[in-house]
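This briefing goes through one protein model by topic, beginning with a pair of packed helices. Please keep the sequence and the structure in view while reading.

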Amino acid sequence: MLAGRAQPGAAGCCRRLLAAALAAGLRPLLCGLPPRWTTARRAAGQWPSPGLRVPAAAEAERLVQQVQRAGVPLCRFIACPKLARTVQRCLQGGASPGPQPVLLECAPGPGVLTRTLLNAGVRVVALESNSVFLPNLQSLENSLDGQLKVIYGDFFRLDPLVTGTVKPPAVCSDKLFETMGVAAVPWRADVPVKIFGILPQKKERNTLWRLLFALYECSSIYRYGRVELNIFISEKEYKVLTAKPGEARAYQALTVLWQVGCEIQLLHMEPWSSFVTNLKNGGLAVPKSTWLPNDHLCLVRLTPQQNLFTGGLEPTNSSTFIFMVKQCLAKPRSRLTDRLNSWSLDNGGKLLRELEIPKNAETCHLYPEDYRRLFEALQNSNMFAETWFHDEVLESIRNINL
């Protein structure tokens, strides 16, 4: 017998061993990859691309048309594959090395962005409340090996202020995060989860306020750490969030509070016409704006500041800080000294001198950091601890802009 010649039946044995290896899920061996490659990539939050077909815009639009019925709130969806790729690159841009957090996609609808994210190796949790879209998403979930999880629920009805059992599609954040497998981390730790969504048009301002209260109180989603929001908002609201002191009409309490609380980053601007709506007439329903530009939806990243709760600001007194800022900017052209006097602060002038704030400064000309310094100084003032002020906060704070 010649050297190197295979024994009879050896080829069949090799074939059987190869088939057994495939059945055991060791497919990476075929590509010359180590057996634990897939597990290591998944542990790092990176998945091999499943090579999913992304539906064309026309196909996605036909699916959206199925929810164009009376009584359904106005919703916008990403149907264009090109826009989905742009959003995917924005969401993955700037990621730090190491394991990546799961991405919670709110109201994925036809799933164009969902499939694009999955093809890019992102682990996605899809939170969907519309029964028209659920079957396709659940079918996609079943075809993948844990990269996608579909949950029935509505992010914009998160943690409703109700007593008793919460009825779906409303959802509690603790149940949602438990289902996602995301545990709470210390505030200064890395981002535990990323969230993507398009803010509902009719609830846009209210949603921004609700998220803001949750941020400062470390409640709801922020009970789990510095959750990163990646949200499409109207251009006019983006202009408010990023306004500078002295900018008429744009510089508001919402401006100051978001700038103190988060790093605000513009990722992308897209015309309203690029999105599909569920309106029967197929209209865009672009909200009118008299004083601010509003030609685009803006993809904005809101990352909570690691040092938010340092100095005198804490979750327990944050509602007082919010109330103080709102009171100061209720009349933006009023003098800060007049506002301090209205709080019966006899030493208001001395306080401003210590903070190096001009005595005749108008409230609309203070920088966000000035408001924080003012609050911390007031916290150390005996006058500011008067119970009448805190009672006013408790009575008013929950009913403002909600």
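The model is a predicted one, in which local features need pLDDT of at least 70 and side-chain atom pairs count only at pLDDT 80 or more, whereas totals for chains, interfaces and linings use all residues. Residues are numbered from 1 along each chain as its sequence is written, and side-chain values use heavy atoms, with hydrogens and water left out.

**Overall make-up**

- The protein has 15 helices and nine strands, where helices (H or I, at least four residues) and strands (E, at least two) are DSSP runs numbered from the N terminus.
- Of its 402 residues, 47% count as buried; buried means under 20% relative accessible area, exposed means over 50%, and partly exposed lies in between, with a 1.4 Å probe and protein chains only.
- Among contacts between residues at least 6 apart in sequence, 75% join residues at least 24 apart, a contact being heavy atoms within 4.5 Å.

**Helix α11 against helix α14**

- Helix α11 (residues 318-329) and helix α14 (residues 368-379) pack at an angle of about 120°, with their axes 11 Å apart; axes are lines fitted to C-alpha atoms, for helices over the stretch in contact, and angles run from 0 to 180 degrees between N-to-C directions.
- From α11, the residues Thr320, Phe321, Met324, Val325, Cys328 and Leu329 meet Tyr371, Arg372, Leu374, Phe375 and Leu378 of α14.
- By class, this contact of α11 with α14 has nine nonpolar residues, one polar and one charged; Ala, Val, Leu, Ile, Met, Phe, Trp, Tyr, Cys and Pro count as nonpolar, Asp, Glu, Lys and Arg as charged, and the others, Gly among them, as polar.

- The buried residues of α10 are Ala253, Leu254, Thr255, Val256, Leu257, Trp258, Val260 and Gly261, and what covers them includes α8, α9 (235-241), β7 (262-271), β9 (296-304), α11 and α14.
- With α14, helix α10 packs at an angle of about 80° and with the axes 8 Å apart, and the two are therefore roughly perpendicular to each other.
- Val256, Gln259 and Val260 in α10 meet Pro368, Tyr371 and Arg372 in α14, a contact that by class has four nonpolar, one polar and one charged residues.

**Nonpolar cores**

- In the largest nonpolar core, which has 71 residues, Phe155, Tyr216, Ile221, Trp258, Phe321 and Met324 touch the most other members; such a core is a set of buried Ala, Val, Leu, Ile, Met, Phe, Trp, Tyr and Cys residues joined through side-chain atoms within 4.5 Å.
- Helix α8 (residues 204-217) gives the most to this core, with eight residues.
- Leaving aside its neighbours within four places in sequence, Trp258 is in contact with Leu208, Leu211, Leu212, Leu215, Leu241, Ile264 and Leu302.
- A second, separate core of 38 residues includes Ala60, Val112, Phe196 and Ile198.

**Backbone features in loops**

- The peptide bond from Pro168 to Pro169 is cis, with omega near 10°, and Pro169 is found in the loop between β4 (148-152) and α7 (173-180).
- Asp159, which is in the loop between β4 and α7, has a phi near 50°, a positive value in a residue other than glycine.
- Arg249 lies in the loop between α9 and α10, has a phi near 70°, positive in a residue other than glycine, and is exposed, with a relative accessible area of 52%.

**Residues brought together from apart in sequence**

- Thr277, in strand β8 (residues 276-277), counts as buried at 4% relative accessibility.
- Thr277 and Gln65 are 212 residues apart in sequence and 8.6 Å apart in space, C-alpha to C-alpha.
- Beyond its neighbours within four places in sequence, Thr277 is in contact with Val64, Gln68, Leu74, Cys75, Arg76, Gly282, Gly283 and Leu284.
- Ala58, in helix α3 (residues 57-65), is partly exposed, with a relative accessible area of 43%, and is 22 residues from Cys80 in sequence and 8.5 Å from Cys80 in space, C-alpha to C-alpha.

Terms used: Parallel < 35°, antiparallel > 145°, perpendicular 65-115°, else oblique.
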